[in-house]
Amino acid sequence: MTSSPTPGLTRFNTSADGDALAALHEVCASSAWASALLARRPYATTDALLAASDAATARLTARDLAEAMAGHPPIGRPKPGDPASSREQSGMAGASEALKAEMLELNLAYQEKFGHVFLICATGRTGEQMRDAARTRIGNSPDQEREIVRAELGRINRIRLTRLVEEASA
């Protein structure tokens, strides 16, 4: 349990609404999620912020989830110039060309079936683990997959929020 605010959390709590909203949009592209977190500031602890994130993620509509997913690049193709994207997908960095090609095919098949990017919390996962998850999840129904995506998005948001509020004062 985080018992007191970190310098990063204090900075987030006291920043102008526009700056805080911009920081939240870097964490998650869903406007509904970001607005929900902004509205509940200030947060006493990082745990309180993470709990608010979990609650906001649970309330996202299908449209909100689509907006959030649009902010994520396909696995194996991190956003150029985005260190968070590269860091999160580092498990694909050393993947073989065959694995990268297979992941591209799976990404395309997944997107064709579900209409959105394959979303997985890639932090700490190997390329093979992400490929295996894509192989498995492509067999899901749209309803099953929407809830898996919601859970994966929640994990990603928690990691990114924690990084945001635990950074040393700039």
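**Terms and model**

I take buried to mean under 20% relative accessible area, exposed over 50%, and partly exposed in between, with a 1.4 Å probe and protein chains only. The model is predicted, and I read local features only at pLDDT of at least 70 and side-chain atom pairs only at pLDDT 80 or more, while totals for chains, interfaces and linings use all residues. Residues are numbered from 1 along each chain as its sequence is written, and side-chain values use heavy atoms, with hydrogens and water left out.

**Confidence**

I looked up pLDDT, the predictor's confidence in each residue on a scale from 0 to 100. The protein has a mean pLDDT of 89, and 92% of its residues reach 70 or more. I name helices as DSSP runs (H or I, at least four residues; strands are E, at least two), numbered from the N terminus. Where pLDDT is low, the predicted coordinates should not be read in detail.

**Salt bridges**

I counted a salt bridge where a side-chain nitrogen of Lys or Arg is within 4 Å of a carboxyl oxygen of Asp or Glu. The structure holds twelve of them.

I started with Asp143 and Arg146, whose closest N and O atoms are 2.3 Å apart in a salt bridge. Both residues lie in helix H10, three residues apart, about one turn of the helix. Arg146 counts as partly exposed because its relative accessible area is 32%. I also noted a network in which salt bridges that share partners join Glu102, Arg131, Asp132 and Arg135.

Next I looked up Asp54 and Arg158, a salt bridge with 2.8 Å between the closest N and O atoms. This pair links distant parts of the chain, with Asp54 in helix H4 (residues 46-58) and Arg158 in helix H10, 104 residues apart. Asp54 has 30% relative accessibility and so counts as partly exposed. Arg158, at 32%, is therefore partly exposed too.

Are Arg137 and Glu145 buried or exposed? Arg137 is at 6% relative accessibility and so counts as buried. Glu145 has a relative accessible area of 0%, so Glu145 is buried. The two form a salt bridge, with their closest N and O atoms 2.4 Å apart.

**Arg131**

Arg131 counts as buried because its relative accessibility is 16%. I took contact to mean heavy atoms within 4.5 Å. Not counting residues up to four places away in sequence, Arg131 touches Leu99, Glu102, Met103 and Leu106.

**Asn107**

I found Asn107 in helix H8 (residues 97-114). At 6% relative accessibility, Asn107 is therefore buried. Which residues is Asn107 in contact with, leaving aside its neighbours within four places in sequence? They are Pro74, Ile75 and Phe118. I also checked Asn107 against Asp64: the two are 43 residues apart in sequence and 21 Å apart in space, C-alpha to C-alpha.

Trp33 sits in helix H3. Its relative accessible area is 0%, so Trp33 is buried. Leaving aside neighbours within four places in sequence, I found Trp33 in contact with Leu24, Val27, Cys28, Ser53, Ala56, Thr57, Leu60, Asn157 and Leu161. Trp33 and Phe114 are 22 Å apart in space, C-alpha to C-alpha, and 81 residues apart in sequence.

In the loop between H3 and H4 I looked up Pro42. The peptide bond from Arg41 to Pro42 is cis, with omega near 0 degrees. Most peptide bonds are trans.

**Cavity**

I used a 1 Å grid over the protein atoms alone and took a cavity as a set of points where a 1.4 Å probe fits but cannot get out, with lining residues having an atom within 4 Å of a point. Points are joined across faces, edges and corners, and the volume is the space filled by probe spheres set on them. The count is one cavity of 30 Å³ or more. The largest cavity holds about 150 Å³ of space. Its lining has 16 residues, and the closest to its centre are His72, Glu88, Gln89, Ile120 and Ile156.

Helix H6 (83-88) and helix H10 (142-166) each supply at least two lining residues. H10 gives the most, with three. I sorted the lining by type: nonpolar (Ala, Val, Leu, Ile, Met, Phe, Trp, Tyr, Cys and Pro), charged (Asp, Glu, Lys and Arg), and polar for the others, Gly among them. The lining of the largest cavity has ten nonpolar, four polar and two charged residues.

Methods: On a 1 Å grid over the protein atoms alone, a cavity is a set of points where a 1.4 Å probe fits but cannot get out, and a pocket is an open set with protein on both sides within 12 Å along at least five of seven lines; lining residues have an atom within 4 Å of a point.
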